[in-house]
Amino acid sequence: MGIGNKLRLTSALSRMLHRRILYSSARSFTTTEGHRPTIVHKRSLDILHDPWFNKGTAFTMTERDRLDLRGLLPPNVMDSEQQIQRFMTDLKRLEEQARDGPSDPNALAKWRILNRLHDRNETMYYKVLIANIEEYAPIVYTPTVGLVCQNYSGLFRRPRGMYFSAEDRGEMMSMVYNWPAEQVDMIVVTDGSRILGLGDLGIHGIGISVGKLDLYVAAAGINPQRVLPVMIDVGTNNEKLLNNPMYLGLQQHRLENDEYIEVIDEFMEAVFTRWPHVIVQFEDFQSKWAFKLLQRYRNSYRMFNDDVQGTAGVAIAGLLGAVRAQGRPMIDFPKMKIVVAGAGSAGIGVLNAARKTMARMLGNNETAFDSAQSQFWVVDAKGLITEGREDIDPEALPFARKLKEMERQGLKEGASLVEVVREVKPDVLLGLSAVGGLFSKEVLEAMKGSTSTRPAIFAMSNPTKNAECTAQEAFSILGDNIIFASGSPFKNVDLGNGHVGHCNQGNNMYLFPGIGLGILLSGTPIVSDGMLQAAAECLAAYMSEEEVLKGIIYPPISRIRNITKRIAAAVIKEAVEEDLACGYREMDARELHKLNEEELMQYVENNMWSPEYPTLVYKDD
């Protein structure tokens, strides 16, 4: 272990010991998030212009007197349900009218309207989002967030989050104190280098951080006043942005090598100095940095990378669900033959997680890892990856097939996807390539030769235009006896005669909110592989036998808060078992050890924020 790694590990252990001491005398009870009176230091129009505290027409007459609001609002006091009804009526009426010309699609019009609500009243915004999560998750997150990021300079109205740039080197430690919140629980950070499957969008990538944190609030009940979207602007290699005078970011090429690392290091040190217990989720970093930064920080800070680890967990849950959908126990997973299209950060992340899952089921020894490794065939833009590949990516090397073995299968280095599918006859065809339409008619026809009783097609790339195939294409070519999952939402397919082809959205939002909440409430100083594995297995087991046998392997988004609660509990339980739990607020590590399953679920629920207007009490500065 290098000196740097030793220092980082020592730092992590020091923080863990500090937390154990901090919580050693705490009392063992919990309180419900969002039900305490809130002290504010502003009145009158200042309150109405502050989205954190504004209630609009829901301010009671007592509050109007207390906060000098009488006469500044219409006299009729409305409750939050009446406000939402009024907003939803306007939303349906304005969806079309809000378009900025014929090229502005309906989804982006909805985003504009919701964003205006977010700007003026956060509580109501999250109340609307939670109540209509199935409809609006695709608006605030993928796929619409991709459109938002592509058009961000034109959509920018109100600053949301923080921007740390290459020009701020040496200043970040002081800059971080410009954020008004005394406590931040969750940061989502991006450098904009690989936004979804859209490539380098530079500073426009802040939209993905904002969208992810909206889901942390809506799904996990993280308090919206304690979340922080962050963009690290180290330049862009997108020539259109470099030549666009309206671009809001640094118009220079991206920093590389040590200069880049120094910027990220300074950012991490700054945020963890001000908020020692914050959780940082890395999002949409290009592959060459995603793995390096994960390995650099994961033993020192409370952080994880959603593209590498979250995508992997959702895919593992889906793969385990596909095993169940065949009427087999999940323990049969190591027998599945899987062809993976894509060897970027998401693809390699899934491969590593799937291999570890198989190996654990086979005994978790060297033989088990070797056996698990042999179940994967990886195809990238150059074709099948074998040991004959020159300049092979070190992350992909463990999955490179042996040349002699491939010759026996009738395959060679660089074999096409259709050739690999035809010869391997896989149980699963898993797409993480970001290449729309990659699963062509020819490739899907080749899947007819699968040796599985119920083959699975996973077209997981985002946004929708990058999906490897559509649900309609998969079911029309392969019939109804398949499992279909995708990263973006597709409608179920009517197969006739009362048969339905179920479209499962393998969305990262099933996992990352629960992982983040579980990390927060356990107080763990680091995020272990075991916690991520526990989250994936919890999601895989969530569906009933009846549902999975129908081909439904992921739950409806409408259940997201319940799913998140269960996953958070599974993460906390794993943290306790690994002796990494340090506790949270009044619940110390010893008390966490004592909780049974029901009490653990109650503990999680009691610490999830709900969008209810708090009682506001004014205090003069």
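Guide: Hi! One term first: buried means under 20% relative accessible area, exposed means over 50%, and partly exposed is in between (1.4 Å probe, protein chains only). This is a predicted model, where local features need pLDDT of at least 70 and side-chain atom pairs count only at pLDDT 80 or more, while totals for chains, interfaces and linings use all residues. Residues are numbered from 1 along each chain as its sequence is written, and side-chain values use heavy atoms, with hydrogens and water left out.

Visitor: Thanks! Is Arg-324 buried or exposed?

Guide: Arg-324 counts as buried because its relative accessibility is 8%.

Visitor: And which residue does Arg-324 meet in a salt bridge?

Guide: Glu-545, at 2.8 Å from N to O. A salt bridge here is a side-chain nitrogen of Lys or Arg within 4 Å of a carboxyl oxygen of Asp or Glu.

Visitor: Where do Arg-324 and Glu-545 sit in the chain?

Guide: Arg-324 is in helix 15 (residues 306-325) and Glu-545 in helix 24 (residues 545-549), so the pair links parts of the chain 221 residues apart. Helices (H or I, at least four residues) and strands (E, at least two) are DSSP runs, numbered from the N terminus. Glu-545 is partly exposed, because its relative accessible area is 46%.

Visitor: How many salt bridges are there by this rule?

Guide: The count is 34. One of them joins Asp-119 and Arg-160, whose closest N and O atoms are 2.4 Å apart. Asp-119 belongs to helix 5 (residues 106-120), and Arg-160 to the loop between helix 9 (152-155) and strand 2 (162-165). Both Asp-119 and Arg-160 are buried.

Visitor: Which residues are linked in a network of salt bridges?

Guide: Asp-191, Asp-200 and Arg-254. Within it, the side chains of Arg-254 and Asp-191 meet at 3.8 Å, N to O. Asp-191 is buried, as its relative accessible area is 1%, and Arg-254 is buried too, at 8% relative accessibility.

Visitor: New topic: where is Lys-42?

Guide: Lys-42 lies in the loop between strand 1 (38-40) and helix 2 (44-48). Lys-42 is partly exposed because its relative accessibility is 29%.

Visitor: Which residues is Lys-42 in contact with, leaving aside neighbours within four places in sequence?

Guide: Ile-47, Asp-50, Leu-67 and Tyr-618, where contact means heavy atoms within 4.5 Å.
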